[in-house]
Amino acid sequence: MNGRQLARTVTGRGGSGGLRARFRGVAVLAAGVLALTACGGGADGASDRGGDKAAATRSVKHDAGTTAKVPAQPKRIVSVSVTMTGHLLALDAPVIASQATPPSVITDRQGFFTQWSEAAAKNSVKVAYQGFEPDVEKVLALKPDLIVGASSGAENAEKFYDKLSAVAPTLLYRHDDVSWQDLTARLGKDLGLEKRAGEVVAAHEKRVGEVKAAITVPKQPAALVRDNQSAMTVFTPESAQGRLLTALGFTVLEPPAGKGQTQGGRSDFAEFSQEKVGDTAKDSSLLFVSHTPEEITAATARPVWKDLAAVEDKRVYDLGLDTFRLDYYSAGNLIDKIEKAFG
(Lines give C-alpha, C1' and ligand atoms only; values in the text may rest on other atoms or scores of the structure.)
Protein backbone atom coordinates (compact mmCIF):
# COMPACT_ATOMS: atom_id res chain seq x y z
CA MET A 1 0.00 0.00 0.00
CA ASN A 2 1.53 3.38 -1.02
CA GLY A 3 1.15 6.69 0.82
CA ARG A 4 -1.88 7.89 -1.19
CA GLN A 5 -3.74 4.60 -0.75
CA LEU A 6 -3.00 4.68 2.95
CA ALA A 7 -4.29 8.25 3.17
CA ARG A 8 -7.50 7.41 1.33
CA THR A 9 -8.14 4.40 3.52
CA VAL A 10 -7.74 6.26 6.78
CA THR A 11 -9.42 9.55 5.75
CA GLY A 12 -12.36 7.65 4.33
CA ARG A 13 -13.38 6.85 7.88
CA GLY A 14 -15.12 9.44 10.12
CA GLY A 15 -16.50 12.89 9.40
CA SER A 16 -15.04 15.79 7.46
CA GLY A 17 -14.36 17.99 10.51
CA GLY A 18 -11.01 16.39 11.32
CA LEU A 19 -10.06 15.60 7.74
CA ARG A 20 -7.04 17.91 7.48
CA ALA A 21 -5.69 16.87 10.84
CA ARG A 22 -6.12 13.23 9.98
CA PHE A 23 -4.48 13.71 6.59
CA ARG A 24 -1.49 15.41 8.19
CA GLY A 25 -1.15 12.42 10.53
CA VAL A 26 -1.42 9.98 7.67
CA ALA A 27 1.18 11.88 5.66
CA VAL A 28 3.63 11.59 8.55
CA LEU A 29 2.84 7.87 8.86
CA ALA A 30 3.22 7.30 5.13
CA ALA A 31 6.52 9.16 5.12
CA GLY A 32 7.70 6.89 7.91
CA VAL A 33 6.62 3.80 5.98
CA LEU A 34 8.44 5.00 2.87
CA ALA A 35 11.56 5.77 4.88
CA LEU A 36 11.56 2.30 6.40
CA THR A 37 11.03 0.81 2.95
CA ALA A 38 14.00 2.77 1.59
CA CYS A 39 16.21 1.60 4.44
CA GLY A 40 15.31 -2.02 3.81
CA GLY A 41 15.19 -1.84 0.02
CA GLY A 42 17.32 -4.93 -0.65
CA ALA A 43 20.72 -6.26 0.23
CA ASP A 44 22.48 -4.40 -2.55
CA GLY A 45 21.02 -1.19 -1.19
CA ALA A 46 22.39 -1.98 2.24
CA SER A 47 25.79 -2.46 0.71
CA ASP A 48 25.66 0.86 -1.15
CA ARG A 49 24.50 2.80 1.92
CA GLY A 50 26.91 1.22 4.35
CA GLY A 51 24.05 -0.57 6.14
CA ASP A 52 24.01 -4.01 7.69
CA LYS A 53 27.06 -5.71 6.18
CA ALA A 54 25.68 -9.14 6.96
CA ALA A 55 22.82 -8.44 4.53
CA ALA A 56 25.04 -6.91 1.82
CA THR A 57 25.62 -8.73 -1.45
CA ARG A 58 27.87 -8.40 -4.42
CA SER A 59 28.12 -9.62 -8.01
CA VAL A 60 30.99 -12.05 -8.59
CA LYS A 61 32.52 -13.09 -11.90
CA HIS A 62 33.70 -16.70 -11.81
CA ASP A 63 34.57 -19.42 -14.33
CA ALA A 64 30.96 -20.36 -15.10
CA GLY A 65 29.59 -16.83 -15.45
CA THR A 66 28.64 -13.93 -13.18
CA THR A 67 26.50 -14.46 -10.09
CA ALA A 68 24.51 -11.67 -8.46
CA LYS A 69 23.50 -11.41 -4.82
CA VAL A 70 26.51 -13.30 -3.47
CA PRO A 71 26.58 -12.66 0.29
CA ALA A 72 29.39 -10.28 1.20
CA GLN A 73 29.76 -12.28 4.40
CA PRO A 74 28.43 -15.79 3.72
CA LYS A 75 27.45 -17.84 6.76
CA ARG A 76 26.64 -21.28 5.32
CA ILE A 77 28.84 -22.43 2.44
CA VAL A 78 28.37 -25.84 0.87
CA SER A 79 31.29 -27.02 -1.26
CA VAL A 80 30.40 -29.24 -4.21
CA SER A 81 34.10 -29.83 -4.93
CA VAL A 82 36.30 -31.79 -2.58
CA THR A 83 39.25 -30.02 -4.21
CA MET A 84 37.88 -26.55 -3.50
CA THR A 85 37.09 -27.46 0.12
CA GLY A 86 40.76 -27.39 1.07
CA HIS A 87 41.15 -23.87 -0.29
CA LEU A 88 38.04 -22.73 1.57
CA LEU A 89 39.14 -24.24 4.88
CA ALA A 90 42.53 -22.54 4.63
CA LEU A 91 40.65 -19.24 4.39
CA ASP A 92 38.57 -20.04 7.50
CA ALA A 93 35.50 -19.77 5.26
CA PRO A 94 32.27 -20.94 6.95
CA VAL A 95 32.03 -24.32 5.18
CA ILE A 96 29.23 -26.39 6.70
CA ALA A 97 29.38 -29.36 4.31
CA SER A 98 31.39 -30.69 1.39
CA GLN A 99 31.26 -33.19 -1.40
CA ALA A 100 33.29 -36.30 -0.56
CA THR A 101 34.96 -38.84 -2.83
CA PRO A 102 34.85 -42.59 -2.39
CA PRO A 103 37.37 -43.38 0.40
CA SER A 104 40.87 -44.23 -0.82
CA VAL A 105 44.50 -44.00 0.24
CA ILE A 106 44.40 -40.21 -0.19
CA THR A 107 41.27 -39.65 1.92
CA ASP A 108 39.97 -40.33 5.40
CA ARG A 109 37.17 -42.83 6.00
CA GLN A 110 34.45 -40.44 4.89
CA GLY A 111 36.14 -39.35 1.66
CA PHE A 112 37.76 -36.06 2.70
CA PHE A 113 41.37 -35.48 1.61
CA THR A 114 43.78 -36.39 4.39
CA GLN A 115 45.74 -33.13 4.20
CA TRP A 116 42.74 -31.13 5.46
CA SER A 117 40.46 -33.73 7.04
CA GLU A 118 41.61 -32.65 10.51
CA ALA A 119 40.69 -29.04 9.75
CA ALA A 120 37.30 -30.23 8.46
CA ALA A 121 36.67 -32.13 11.69
CA LYS A 122 37.70 -29.13 13.76
CA ASN A 123 35.17 -27.00 11.87
CA SER A 124 32.42 -29.67 12.04
CA VAL A 125 32.21 -29.95 8.23
CA LYS A 126 29.64 -32.57 7.25
CA VAL A 127 29.61 -34.81 4.19
CA ALA A 128 27.09 -33.26 1.82
CA TYR A 129 27.07 -36.32 -0.45
CA GLN A 130 29.59 -38.83 -1.78
CA GLY A 131 30.43 -39.01 -5.46
CA PHE A 132 31.37 -36.59 -8.21
CA GLU A 133 27.88 -35.69 -9.46
CA PRO A 134 26.22 -33.04 -7.25
CA ASP A 135 23.23 -34.30 -5.26
CA VAL A 136 21.12 -31.17 -5.55
CA GLU A 137 18.44 -32.37 -3.13
CA LYS A 138 20.99 -32.98 -0.39
CA VAL A 139 22.56 -29.59 -1.04
CA LEU A 140 19.12 -27.98 -0.78
CA ALA A 141 18.48 -29.69 2.56
CA LEU A 142 21.62 -28.07 3.98
CA LYS A 143 20.15 -24.58 3.39
CA PRO A 144 23.33 -22.90 2.12
CA ASP A 145 23.55 -19.20 1.50
CA LEU A 146 26.41 -19.84 -0.96
CA ILE A 147 27.59 -22.83 -3.02
CA VAL A 148 31.20 -23.11 -4.18
CA GLY A 149 32.40 -25.70 -6.67
CA ALA A 150 34.73 -26.54 -9.53
CA SER A 151 34.52 -26.03 -13.27
CA SER A 152 37.36 -28.48 -13.95
CA GLY A 153 38.42 -31.91 -12.82
CA ALA A 154 36.31 -34.94 -12.00
CA GLU A 155 33.95 -32.85 -9.84
CA ASN A 156 33.24 -30.29 -12.58
CA ALA A 157 29.75 -28.99 -11.75
CA GLU A 158 29.09 -26.79 -14.79
CA LYS A 159 26.33 -29.12 -16.09
CA PHE A 160 24.52 -28.62 -12.78
CA TYR A 161 25.13 -24.90 -12.49
CA ASP A 162 21.53 -23.85 -13.18
CA LYS A 163 20.10 -26.38 -10.72
CA LEU A 164 22.57 -25.39 -8.02
CA SER A 165 21.94 -21.68 -8.65
CA ALA A 166 18.25 -22.29 -7.99
CA VAL A 167 19.23 -23.44 -4.48
CA ALA A 168 21.65 -20.60 -3.64
CA PRO A 169 24.13 -18.26 -5.36
CA THR A 170 26.76 -20.53 -6.92
CA LEU A 171 30.41 -19.87 -7.80
CA LEU A 172 32.49 -22.33 -9.85
CA TYR A 173 36.26 -22.14 -10.35
CA ARG A 174 38.90 -23.91 -12.42
CA HIS A 175 41.68 -25.32 -10.29
CA ASP A 176 43.76 -27.11 -12.93
CA ASP A 177 45.41 -24.15 -14.66
CA VAL A 178 46.13 -21.84 -11.74
CA SER A 179 48.43 -21.91 -8.74
CA TRP A 180 46.79 -22.54 -5.39
CA GLN A 181 48.09 -19.15 -4.25
CA ASP A 182 46.32 -17.34 -7.09
CA LEU A 183 43.15 -19.34 -6.46
CA THR A 184 43.34 -18.53 -2.75
CA ALA A 185 43.70 -14.82 -3.52
CA ARG A 186 40.74 -14.95 -5.91
CA LEU A 187 38.53 -16.75 -3.40
CA GLY A 188 39.56 -14.28 -0.72
CA LYS A 189 38.47 -11.38 -2.90
CA ASP A 190 35.18 -13.01 -3.94
CA LEU A 191 34.22 -14.10 -0.41
CA GLY A 192 35.31 -10.97 1.43
CA LEU A 193 38.27 -12.77 3.01
CA GLU A 194 41.11 -10.81 1.43
CA LYS A 195 43.01 -10.33 4.67
CA ARG A 196 43.01 -14.02 5.51
CA ALA A 197 44.04 -14.92 1.95
CA GLY A 198 47.02 -12.60 2.25
CA GLU A 199 48.00 -14.16 5.56
CA VAL A 200 47.79 -17.70 4.16
CA VAL A 201 49.98 -16.95 1.14
CA ALA A 202 52.46 -14.93 3.22
CA ALA A 203 52.85 -17.80 5.72
CA HIS A 204 53.52 -20.21 2.86
CA GLU A 205 56.10 -17.95 1.23
CA LYS A 206 57.88 -17.48 4.55
CA ARG A 207 58.10 -21.25 4.97
CA VAL A 208 59.41 -21.63 1.40
CA GLY A 209 62.17 -19.12 2.10
CA GLU A 210 63.17 -20.86 5.34
CA VAL A 211 63.39 -24.30 3.74
CA LYS A 212 65.16 -23.05 0.62
CA ALA A 213 67.92 -21.66 2.83
CA ALA A 214 68.20 -24.93 4.76
CA ILE A 215 68.40 -27.52 1.96
CA THR A 216 70.92 -28.61 -0.67
CA VAL A 217 69.25 -29.34 -4.00
CA PRO A 218 70.70 -31.91 -6.42
CA LYS A 219 72.81 -30.80 -9.36
CA GLN A 220 70.59 -32.71 -11.74
CA PRO A 221 67.17 -31.48 -12.81
CA ALA A 222 64.22 -32.74 -10.79
CA ALA A 223 61.80 -34.87 -12.80
CA LEU A 224 58.35 -34.68 -11.21
CA VAL A 225 56.82 -37.97 -12.28
CA ARG A 226 53.82 -40.19 -11.77
CA ASP A 227 53.85 -43.83 -12.87
CA ASN A 228 50.63 -44.97 -14.50
CA GLN A 229 52.06 -48.40 -15.41
CA SER A 230 51.08 -47.98 -19.06
CA ALA A 231 52.44 -44.44 -19.21
CA MET A 232 54.47 -41.92 -17.24
CA THR A 233 53.16 -38.47 -16.33
CA VAL A 234 55.74 -35.68 -16.14
CA PHE A 235 54.72 -32.45 -14.41
CA THR A 236 56.16 -29.38 -16.10
CA PRO A 237 57.80 -26.33 -14.48
CA GLU A 238 54.45 -24.54 -15.08
CA SER A 239 52.54 -27.02 -12.89
CA ALA A 240 51.72 -26.16 -9.29
CA GLN A 241 54.25 -28.76 -8.16
CA GLY A 242 56.85 -27.45 -10.58
CA ARG A 243 56.40 -23.87 -9.43
CA LEU A 244 56.82 -24.88 -5.81
CA LEU A 245 59.99 -26.89 -6.52
CA THR A 246 61.37 -23.97 -8.53
CA ALA A 247 60.66 -21.61 -5.62
CA LEU A 248 62.62 -24.00 -3.39
CA GLY A 249 65.64 -23.75 -5.67
CA PHE A 250 65.27 -26.84 -7.86
CA THR A 251 65.67 -26.95 -11.61
CA VAL A 252 62.53 -28.74 -12.79
CA LEU A 253 62.77 -30.94 -15.87
CA GLU A 254 61.00 -29.59 -18.92
CA PRO A 255 59.64 -32.66 -20.75
CA PRO A 256 60.58 -32.94 -24.45
CA ALA A 257 58.22 -30.80 -26.50
CA GLY A 258 55.97 -32.60 -28.96
CA LYS A 259 56.85 -36.08 -27.72
CA GLY A 260 54.23 -36.47 -25.03
CA GLN A 261 50.44 -36.40 -24.86
CA THR A 262 48.62 -33.54 -23.15
CA GLN A 263 44.96 -33.21 -22.24
CA GLY A 264 42.92 -30.28 -23.51
CA GLY A 265 45.97 -28.15 -24.24
CA ARG A 266 47.07 -28.23 -20.62
CA SER A 267 50.58 -27.01 -19.88
CA ASP A 268 51.00 -28.50 -16.41
CA PHE A 269 51.83 -32.07 -17.42
CA ALA A 270 52.46 -34.42 -20.33
CA GLU A 271 52.22 -38.19 -20.63
CA PHE A 272 54.83 -40.46 -22.19
CA SER A 273 54.80 -44.16 -22.97
CA GLN A 274 56.82 -46.36 -20.64
CA GLU A 275 59.28 -47.03 -23.48
CA LYS A 276 60.22 -43.34 -23.46
CA VAL A 277 60.98 -43.13 -19.74
CA GLY A 278 64.73 -43.27 -20.26
CA ASP A 279 64.78 -40.68 -23.06
CA THR A 280 62.56 -38.38 -21.04
CA ALA A 281 64.08 -38.58 -17.56
CA LYS A 282 67.72 -39.10 -18.62
CA ASP A 283 69.91 -38.33 -15.57
CA SER A 284 67.29 -36.34 -13.65
CA SER A 285 66.51 -37.06 -10.03
CA LEU A 286 63.08 -38.70 -9.75
CA LEU A 287 60.51 -37.09 -7.47
CA PHE A 288 57.34 -39.18 -7.39
CA VAL A 289 54.02 -37.35 -7.09
CA SER A 290 51.15 -39.08 -5.24
CA HIS A 291 52.45 -42.62 -4.78
CA THR A 292 52.70 -45.08 -1.93
CA PRO A 293 56.26 -46.27 -1.13
CA GLU A 294 55.28 -49.71 -2.44
CA GLU A 295 54.20 -48.24 -5.77
CA ILE A 296 57.48 -46.38 -6.12
CA THR A 297 59.44 -49.56 -5.40
CA ALA A 298 57.41 -51.46 -7.99
CA ALA A 299 57.84 -48.74 -10.63
CA THR A 300 61.60 -48.42 -10.26
CA ALA A 301 62.00 -52.21 -10.43
CA ARG A 302 60.62 -52.37 -13.98
CA PRO A 303 63.13 -52.82 -16.80
CA VAL A 304 62.50 -49.36 -18.28
CA TRP A 305 63.13 -47.69 -14.92
CA LYS A 306 65.72 -49.75 -13.07
CA ASP A 307 68.68 -48.69 -15.22
CA LEU A 308 68.03 -44.97 -14.88
CA ALA A 309 70.87 -43.02 -13.30
CA ALA A 310 68.55 -41.75 -10.56
CA VAL A 311 67.59 -45.30 -9.55
CA GLU A 312 71.19 -46.53 -9.56
CA ASP A 313 72.37 -43.48 -7.57
CA LYS A 314 69.39 -43.66 -5.18
CA ARG A 315 68.12 -40.25 -6.23
CA VAL A 316 64.50 -41.31 -5.97
CA TYR A 317 62.23 -39.33 -3.65
CA ASP A 318 58.67 -39.68 -2.40
CA LEU A 319 56.75 -36.39 -2.33
CA GLY A 320 53.73 -37.91 -0.59
CA LEU A 321 50.29 -39.14 -1.52
CA ASP A 322 48.61 -35.75 -1.27
CA THR A 323 50.67 -33.91 -3.88
CA PHE A 324 48.60 -34.56 -7.02
CA ARG A 325 46.56 -31.39 -6.39
CA LEU A 326 48.09 -28.71 -4.25
CA ASP A 327 46.32 -26.51 -1.74
CA TYR A 328 47.70 -24.74 1.32
CA TYR A 329 47.75 -27.97 3.33
CA SER A 330 49.26 -30.34 0.77
CA ALA A 331 51.81 -27.71 -0.32
CA GLY A 332 52.94 -27.50 3.30
CA ASN A 333 53.25 -31.28 3.47
CA LEU A 334 55.30 -31.31 0.27
CA ILE A 335 57.67 -28.70 1.72
CA ASP A 336 58.09 -30.86 4.82
CA LYS A 337 59.00 -33.83 2.58
CA ILE A 338 61.57 -31.75 0.70
CA GLU A 339 63.11 -30.46 3.93
CA LYS A 340 63.43 -33.99 5.28
CA ALA A 341 64.93 -35.39 2.06
CA PHE A 342 67.34 -32.57 1.22
CA GLY A 343 67.92 -30.81 4.53
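Me: What makes Phe235 count as buried?
Reply: This is a predicted model, with local features needing pLDDT of at least 70 and side-chain atom pairs pLDDT 80 or more, while totals for chains, interfaces and linings use all residues. Residues are numbered from 1 along each chain as its sequence is written, and side-chain values use heavy atoms, leaving out hydrogens and water. Phe235 has a relative accessible area of 3%, and buried means under 20% (exposed is over 50%, partly exposed in between; 1.4 Å probe, protein chains only), so Phe235 is buried.

Me: Why is the pair of Phe235 and Phe269 called tilted?
Reply: Rings of Phe, Tyr and Trp (its six-membered ring) pair if their centres lie within 6.5 Å; planes under 30 degrees apart are stacked, over 60 edge-to-face, the rest tilted. Phe235 and Phe269 sit 6.2 Å centre to centre with 55° between the planes, so they're a tilted pair.

Me: What makes Phe235 and Phe324 edge-to-face, then?
Reply: Their centres are also 6.2 Å apart, but the planes stand at 80°, so this pair is edge-to-face. Phe235 is in strand β9 and Phe324 in the loop between β12 (316–318) and α15 (328–342), so the pair ties together parts 89 residues apart in sequence. Strands (E, at least two residues) and helices (H or I, at least four) are DSSP runs, numbered from the N terminus.
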